[in-house]
Amino acid sequence: MFVTTSNPSRREPVRVAIVGTGAIARGSHLPALTALAAGQPLEIVAAVDVDAASVEAFCAEAAIAHAYTDLDRMLAEQRPDLVTLATPPRFHRDQTVAALRAGAWVWCEKPPCPSLEDFDAIEAAEGPSGRGPYAAIVFQHRFGSGARHVRALLAGHAMGRPLVAHCQTTWYRDEAYYSVPWRGTWSSEGGGPSMGHGIHQMDLLLDLLGPWAEIRAMAGRLVHDVETEDVSTALIRFENGAMATVVNSVLSPDEVSRIRIDCERATVELTHLYGHRNTDWRITPAPGVTSEEADAWRDFGADVPSSHEAQLTGLLGDLRAGRRPRSSGADGRKSLELVAALYKAAFTGSTVRAGEIGPGDPFYGALHGDVPDWAPRNVDRPEGVVA
């Protein structure tokens, strides 16, 4: 394995393998790795895809030496230090566990996996505490200069206590989007917009505000004939007392991703779509705040956009140092736990408290909880029926 606790400063190239050669690998993973390889010892040694033509074309275009259609064979022959997963969620558990057992760290696209049970199995396959290998989730929206600056302001209570928050992922997906057979199903996507779309903003909200305490929610299929929801709303109380509203939708023609946090002395707001820069953040001071203090809050420093590259930069530093990366372990699990709790609250009409979903709970093994009208179906829903 590349990193050991006895020689954390080795400067040999980090050997990386990309698993899955579709759009997210081509548009995000490969560009981030390529950019970082220009400034540090890093080599993309292999790519894997079940589609031989796809992986061979991918490797030819990116000058990657080895193309595989078998993950286990690649792990045995190439022994990568880091595996990036850009595959559908239903494969994440088995692929992550296989890579970890081969001694490789893993950087896995969201959604992390279809259930908390799967996530816990992944965490159990990680190496001994303090040594690794570790598996981290791609939650790039919490990285970059803007999120880092606001997180520090909130942690230090510079703007006073956080009181009220809004978290909004209102996007638009039409019938053509859902005509792809694997979309809108629990088995392939793991969930609807709460899982596959809104998890980024909810993860950022948790990263900024800290642990949540309880959640109430609703979900519906208002337009699309799918297994999962196409809209959800939730009310969350945080351990620090702050209360938040959350909306996740694929029914919204005016698309926006937004987080707003009202503190005692200022409102901080982020408005963007798929990624943010410093200029996407706005801080509005309360009456009585001096202009000097407000100007200090608004000084975000050098602009580092949220991106796969921003997160991967930190992860590679952690790999070289042999320390647990952010968005792994409990830090990565918290967002999936919130999504599971949202579904449980929505499908059962109950208030769900942090930590209550564990082994034996139907929502631990599946986010639909086997609830009638929401669990996967074997026959088409009659036209016009809305859950």
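Biologist: Is R326 buried, partly exposed or exposed?

Modeller: Buried means under 20% relative accessible area, exposed over 50%, and partly exposed in between (1.4 Å probe, protein chains only). R326 has 31% relative accessibility, so R326 counts as partly exposed. This is a predicted model, where local features need pLDDT of at least 70, side-chain atom pairs count only at pLDDT 80 or more, and totals for chains, interfaces and linings use all residues. Residues are numbered from 1 along each chain as its sequence is written, and side-chain values use heavy atoms, with hydrogens and water left out.

Biologist: Which side chain does R326 meet in a salt bridge?

Modeller: A salt bridge is a side-chain nitrogen of Lys or Arg within 4 Å of a carboxyl oxygen of Asp or Glu. R326 pairs with D207 at 2.8 Å, N to O. R326 sits in the loop between helix 12 (308-321) and helix 13 (329-348), and D207 in helix 10 (residues 199-209), 119 residues apart. Helices here are DSSP runs (H or I, at least four residues), numbered from the N terminus.

Biologist: Is D207 buried or exposed?

Modeller: D207 is buried, at a relative accessible area of 11%. D207 also forms a salt bridge with K334, with the closest N and O atoms 3.9 Å apart. D207 belongs to helix 10 and K334 to helix 13, so this pair ties together parts 127 residues apart in sequence. K334 is partly exposed, at 23% relative accessibility.

Biologist: Which residues are linked with these in a network of salt bridges?

Modeller: The network links R142, R151, D203, D207, R326, D331 and K334. The whole structure has 25 salt bridges.

Technical notes
Helices (H or I, at least four residues) and strands (E, at least two) are DSSP runs, numbered from the N terminus.
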